Amino acid sequence: MLAENHAPPVLQPAKDALFLDFDGTLVGIAPRPDAIDVPGHLGPLLSQLHDMMSEAVAIVSGRALAELEHYLPDFPGAFVGSHGAERRGAPPAPLPDGLDALHDSVRAAAEEHGVLAEIKTRGAALHFRQTPERKDAAGRAAEALADLYPGFVVQPAKMAFELKPSGATKDSALADLMAAPPFAGRRPVYLGDDATDEPALGWVAGRDGLAIKVGEGASVAPHRLATPQDVLGWLARALEG
């Protein structure tokens with residue numbers, strides 16, 4: 001893990017395949033997942049990159065596919081939701097057993113420990129952004145729930161602990177996408193901001209790709225941008241070339 005990173009080189013639209021996390025990378029982190037502010041120019045920027053890069057642009061997020069389509073309704077490219085368990089244009093992975101019961105248990109745990117429950121189509125999360133002193137309690141609760149529901153695993157995230165399907169990972173989603181058009185044969189480029197992105201950043205860095213950490217904290221990525229605003233500026237510069 002690297003504590004310090006270099007600024008990334010310019011994106012090469014004719015040669016690169018671009019993979020972008022959403023929260024914390026394209027939009028700022030909000031106190032609640034439903035309170036994000038999506039910049040008005042984000043959708044057009046992504047659509048322009050999609051056209052310039054021969055469609056080799058994908059959004060890869062822990063959010064549900066339906067949420068990504070809601071926040072970016074005009075983006076014509078690939079969406080990967082729920083850490084790879086959902087993909088636009090492809091059948092979703094089978095649901096693990098016990099999803100409804102997991103949702104009920106997460107709601108109860110959130111109320112018990114004074115944290116926020118986020119109910120997802122293929123999992124759930126306990127957020128402690130508004131109550132950081134309850135991080136340890138939220139983590140213990142998440143681990144206990146993973147023991148009760150073996151189809152799910154705990155994924156530490158930025159100020160949250162997420163319970164996601166055990167087979168859903170962003171790096172495996174990247175591997176699948178890179179094996180087929182329009183991504184195959186291009187250099188993989190991935191931008192992400194938190195622990196859920198580290199496997200994908202490591203996968204890209206290990207294949208001579210461009211791995212870019214967004215924000216603070218140690219990372220396997222050799223390159224870094226400070227904020228989502230910096231990310232949008234870096235992407236916009238690729239259009240100028």
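This report describes the sheet, helices, cores and selected residues of a predicted model.

## Basis of the description

The model is predicted, with local features needing pLDDT of at least 70 and side-chain atom pairs counting only at pLDDT 80 or more, while totals for chains, interfaces and linings use all residues. Residues are numbered from 1 along each chain as its sequence is written, and side-chain values use heavy atoms, with hydrogens and water left out.

## The sheet

Helices (H or I, at least four residues) and strands (E, at least two) are DSSP runs, numbered from the N terminus. Seven strands form an open sheet: the order of these 7 strands is E4-E3-E2-E1-E9-E10-E11, and the pairing is mixed. Two strands pair if DSSP finds at least two bridges between them. Strand E4 (86-87) and strand E11 (223-225) are the edge strands, each pairing on one side only.

Strands E1 (residues 16-20) and E2 (residues 57-60) run parallel and are joined by 3 bridges. Phe19 stands opposite Ala58 in E2.

## Helices on the sheet and on each other

Contact means heavy atoms within 4.5 Å. Axes are lines fitted to C-alpha atoms, for helices over the stretch in contact, and angles run from 0 to 180 degrees between N-to-C directions. Helix H6 lies across strand E9 (187-192) and strand E10 (210-214), at about 155° to E9. Helix H7 (residues 228-240) lies across E1, E9, E10 and E11, and runs at about 145° to E10.

Two packed helices are described by the angle between their axes and the distance between the axes. The axes of H5 (residues 170-178) and H6 (residues 198-205) come within 7 Å and cross at roughly 40°. H5 and H6 are therefore oblique to each other; angles under 35 degrees count as roughly parallel, over 145 as roughly antiparallel, 65 to 115 as roughly perpendicular and the rest as oblique. From H5, Lys170, Asp171, Leu174, Ala175 and Met178 meet Pro199, Ala200, Trp203 and Val204 of H6. This contact has 7 nonpolar, no polar and 2 charged residues, where Ala, Val, Leu, Ile, Met, Phe, Trp, Tyr, Cys and Pro count as nonpolar, Asp, Glu, Lys and Arg as charged, and the others, Gly among them, as polar.

## Nonpolar cores

In soluble globular proteins, nonpolar side chains tend to be buried together. A nonpolar core is a set of buried Ala, Val, Leu, Ile, Met, Phe, Trp, Tyr and Cys residues joined through side-chain atoms within 4.5 Å. Buried means under 20% relative accessible area, exposed over 50%, and partly exposed in between (1.4 Å probe, protein chains only).

The largest nonpolar core has 32 residues, and those with the most contacts inside it are Leu18, Phe22, Leu26, Ile59, Leu191 and Leu235. Two or more residues come from each of E1, H1, E2, helix H2 (65-71), E9, E10 and H7, with H7 giving the most, 5 residues. A second, separate core has 19 residues, including Val106, Ala110, Val115 and Ala138.

Pro39 lies in the loop between E1 and helix H1 (42-52) and is partly exposed at 23% relative accessibility. Pro39 and Gln229 are 190 residues apart in sequence, yet 9.6 Å apart in space, C-alpha to C-alpha.

Ser82, in the loop between strand E3 (78-81) and E4, counts as buried at 6% relative accessibility. Apart from neighbours within four places in sequence, its contacts include Ser61, Thr121 and Ala168. Ala90 belongs to the loop between E4 and helix H3 (99-113) and is partly exposed, with a relative accessible area of 37%.
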